Amino acid sequence: MTSQQVDFNELQRLDSEHHLHPFTDTRELNAQGTRVIVRADGCYIWDAEGNKLLDGMAGLWCVNVGYGRKELADIASRQMQELPYYNSFFQCTTPPAIELSTVLADIAPAHINHVFFTGSGSESNDTVVRMVRRYWDLLGEPQKSVIISRKNAYHGSTMAGASLGGMKFMHEQGGLPLPGIVHIDQPYWFDEGGDLEPDEFGRRVAGQLEEKILELGLDRVAAFIAEPIQGAGGVIIAPESYWPEVQRICDKYGILLVVDEVICGFGRTGRWFGSDYYELKPDFMSIAKGLTSGYLPMGGVMVSDRVAETLISKGGELAHGFTYSGHPVTAAVALANVKILQDEKIVERVAQDTGPYLQQRWSELALHPLVGEARGIGFLGALELVEDKGARRRFKKMGKVGTLCRNASLDNGLVMRATGDTMIISPPLVATREHIDELVDKARRTLDQTLEGIPTIDFES
Ligand code: PXG
């Protein structure tokens, strides 16, 4: 046994004794042992056992500029030595926070020119709830407080984030959702579209927004929140008819549109924001992840001019804020990260070259007997694993085949995530055509092995 293996076993033991992991069945994990990731470079990660993996998930949808960017480490080090911390409360701020707010206003859609900084996507969405309600309160309509969201959405894990999210298994823990948050259907044609054409289905589920507004009464409805493309829910891409209809309904009734850009922001669709991709006019955009490419934790809420104007001119003090709002080190890293995206024209490359190439190669997997649909946009992709391709029929117990596929993928040196029986990718935006070929080849081998392994699955347990 090498010394590295001894260390690794010891790390696993300590992890199982002291560490509660997020979204994890700790008992199950402790029985299996955790995978300890020790190093990363470019599009690859290495675990403590020496395995090299192509990171098809960019960490957790966040490492947009890839790993090993020395300039980000250098900037953090310099900023830490100069000013490691100061807050943005009490009439203070720091140069990186100011500069970052300016750059974000520049890259955001033209009508968005303000940002409130947070520490994560969840905090961003909690902030959105407070700002949405404050906005209507200031306009003399405090009863306009209900926020409409969607089933199977993911907006974070804090109380408000998990409530806005539409994940039932999360609501079941902790008495959620909070009052004043309701959910309509998601635009998930593959699973829920039945015999309808995608566009007809898209119009119908968008129409639920209007129905819900009328059911609750316009005097009570404050906002609608959605991810441009649902990420954690399974890279769910709405039919083309959906977003124009949602925007029309928000405009017609004057309710605020909150676009959760935590995954789609910072280039993932080949545009700076999902809102650019779908030509939306959001009142709020939640950001995180790609803002710093995950090098440090940071989030924010970008606020439209009409909302900012009301909050500023009528609002007085906004009784909300975090110790780390606008943290100088995270802000400096975010600034340098955005500069990398700009200088290396990474977003343009995803739009014009690597994104279309990934989608072309990814769509070839639709021919595989296990794949009911291969879809994607930019640097997001999903595969629906099915028992019967033609009928879009799922395996009888969800998640078994997905888990088998996920494990086979890791064995093949590719990080691909499973949501139920939907396989997901969200690679670093710097992946080259060669990386994409490697990803698709490994994914195809993984699908072959999964298909071979299905007879060994116990669907009853
Ligand atoms: N909104 C969206 C759209 C997200 O994807 C959050 C908000 C919350 O961000 P924070 O920084 O608070 O985690 C997210 C986070 C998964 C997975 O399993 C996805 C996320 C987080 C954890 C797991 O795909 N997305």
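**Stop 1: a buried serine.** Select S293, which is buried, with a relative accessible area of 1%. Keep in mind as you look around that this is a predicted model. S293 sits in the loop between β9 (284–287) and β10 (299–304). Now check its backbone: phi is positive, about 50°, although S293 is not a glycine.

Stop 2: Next, select Q91, in the loop between α4 (70–82) and α5 (95–107). Its phi is also positive, near 60°, and Q91 is not a glycine either. Is Q91 buried or exposed? Q91 counts as exposed because its relative accessible area of 87% is over the 50% cut-off.

**Stop 3: a cis peptide bond.** Go to the loop between α8 (168–171) and β6 (181–184), where you will find P177. Show the backbone atoms and look at the bond leading from L176 to P177: this peptide bond is cis, with omega near 0°.

**Stop 4: the two domains.** The domain assignment divides the protein chain into domain 1 (35–65 + 345–456) and domain 2 (71–343). Notice that domain 1 is written as two stretches of sequence, 35–65 and 345–456. How far apart are the C-alpha centres of domain 1 and domain 2? They lie 26 Å apart. In the contact between them, 35 residues come from domain 1 and 37 residues from domain 2.

**Stop 5: the ligand.** Now select the ligand and show the residues around it. There are 16 of them, and W61, G121, S122, D260 and R417 come nearest. Keep your domain colours on, since domain 1 and domain 2 each give at least three residues to this shell. Which helix supplies the largest share of the shell? That is α6, with three residues. Both α3 (58–61) and α6 (121–138) supply at least two residues each. If you colour by residue class, you will see six nonpolar, six polar and four charged residues in the shell.

- From a polar side-chain atom of S122 to an oxygen atom of the ligand, the distance is 2.5 Å.
- From a polar backbone atom of G121 to an oxygen atom of the ligand, expect 2.9 Å.
- From an N or O atom in the side chain of K289 to a nitrogen atom of the ligand, expect 3.1 Å.

**Stop 6: a buried histidine.** Select H368, in the loop between α15 (346–363) and β11 (371–377). H368 counts as buried because its relative accessibility of 7% is under the 20% cut-off. Beyond its neighbours within four places in sequence, H368 is in contact with K389, R444, L447, D448 and L451.

**Stop 7: an arginine to finish.** Finally, select R393, in the loop between β12 (380–385) and α16 (400–411). R393 is partly exposed, with a relative accessible area of 43%. Leaving out residues up to four places away in sequence, R393 touches V386, E387 and D388.

Technical notes:
Residues are numbered from 1 along each chain as its sequence is written. This is a predicted model: local features need pLDDT of at least 70, side-chain atom pairs count only at pLDDT 80 or more; totals for chains, interfaces and linings use all residues. Side-chain values use heavy atoms; hydrogens and water are left out. A residue is near a molecule or strand if one of its heavy atoms lies within 4 Å of it. A polar contact is a pair of N or O atoms within 3.5 Å; within protein, one must be able to donate a hydrogen and the other to accept it, and residues adjacent in sequence count only if both atoms are side-chain atoms. Helices (H or I, at least four residues) and strands (E, at least two) are DSSP runs, numbered from the N terminus. Ala, Val, Leu, Ile, Met, Phe, Trp, Tyr, Cys and Pro count as nonpolar, Asp, Glu, Lys and Arg as charged, and the others, Gly among them, as polar. Domain bounds come from an automatic or database domain assignment. Buried means under 20% relative accessible area, exposed over 50%, partly exposed in between (1.4 Å probe, protein chains only). Contact means heavy atoms within 4.5 Å.
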